[in-house]
Amino acid sequence: MTGSGPGTALVTGASAGIGRELARRLAREGHRVILTARNAERLDALAAELTAGAGADTVVVPCDLSTSAGPAELARAIEPYEIDVLVNNAGMGASGAFADVSPTRIAALLQLNVVSLTALTRLLLPGMLARRRGHILNVASTAAFQPGPWHAIYYASKAYVLSLSEAIAAEVKGTGVTVTALCPGPTETEFFERAHMRHAPLARRGLMDAATVAEAGIAGMKAGDPLVIPGARNRVLATLGRHGPRGLVTRVVSRLNRGRSRSDPAAGAGD
């Protein structure tokens, strides 16, 4: 099924934060928007808003991509649609010392941040290549540019997202399909509350607005940019994280992240 206008966009983690703002932006640009996350009530409210405000054609698919069954469930639900834009935004965190984070939490984080993102990208990319059009926007983070003590698994997962996205972007160059890694810095969303990091130094230093991040991400995606880092300050910090002395960078990040010294199994981002 092919939507009218710019086509159909699938947004994961659409119930809050950056994902919600990305969905709003895509709806305003005329896309049919498929919204997925765990929280059906929030998705329904967003769908009603997009329909009323932007006249958008919306589809709600509640799904938990932090489970191994999640990607297959979502794949079945979207099978009737020809996806022109894939936004892999869903993600979660796990704060505290690595040795204290529960194996269950680690498995869920890696499933959501890494495995499900990879599975959806692999599922939808071949169709885009066959049609010679399409965009994939993978939401990584400035966390991808350096190790992250006290948030080690999250930082490592975002490094994977960045590396994967940049590699595929090079592979599909010239095909009419683009792949973009969006790497926001600390952003005013529910993430810090869910990760119990609101009082960490990182959460108190120049949080960006989620709508601003989404606008930069969509603009960069449409332009075919492989990497988008919203905000001059974040671009400087990402450069330092990638090219600065590794030991010094790690010590600085450790101080910024250490809002608490033990993990919280309920810490995460998005519904």
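A cavity here is a set of points, on a 1 Å grid over the protein atoms alone, where a 1.4 Å probe fits but cannot get out. Its volume is the space filled by probe spheres set on the points, with grid points joined across faces, edges and corners. This is a predicted model, where local features need pLDDT of at least 70, side-chain atom pairs count only at pLDDT 80 or more, and totals for chains, interfaces and linings use all residues. Residues are numbered from 1 along each chain as its sequence is written, and side-chain values use heavy atoms, leaving out hydrogens and water.

So what turns up? Searching the whole structure gives 1 cavity of 30 Å³ or more, and the largest cavity holds about 40 Å³ of space. The lining splits into 5 nonpolar, 4 polar and no charged residues; nonpolar covers Ala, Val, Leu, Ile, Met, Phe, Trp, Tyr, Cys and Pro, charged covers Asp, Glu, Lys and Arg, and the others, Gly among them, are polar. Helix H4 gives the largest share of that lining, 4 residues; helices are DSSP runs of H or I, at least four residues, numbered from the N terminus.

Now for the nonpolar cores: sets of buried (under 20% relative accessible area, 1.4 Å probe, protein chains only) Ala, Val, Leu, Ile, Met, Phe, Trp, Tyr and Cys residues joined through side-chain atoms within 4.5 Å. The largest has 44 residues, and Leu10, Ile34, Leu74, Ile78, Leu86 and Leu124 touch the most other members. H4 supplies its largest share, 9 residues. A second, separate core of 28 residues includes Leu46 and Val139.

How values were computed:
Buried < 20%, exposed > 50% of the residue type's maximum accessible area, 1.4 Å probe, protein only. Helix = DSSP H or I, 4+ residues; strand = E, 2+ residues; numbered from the N terminus. 1 Å grid on protein atoms, 1.4 Å probe; cavity = no way out; pocket = protein on both sides within 12 Å on 5 of 7 lines; lining within 4 Å.
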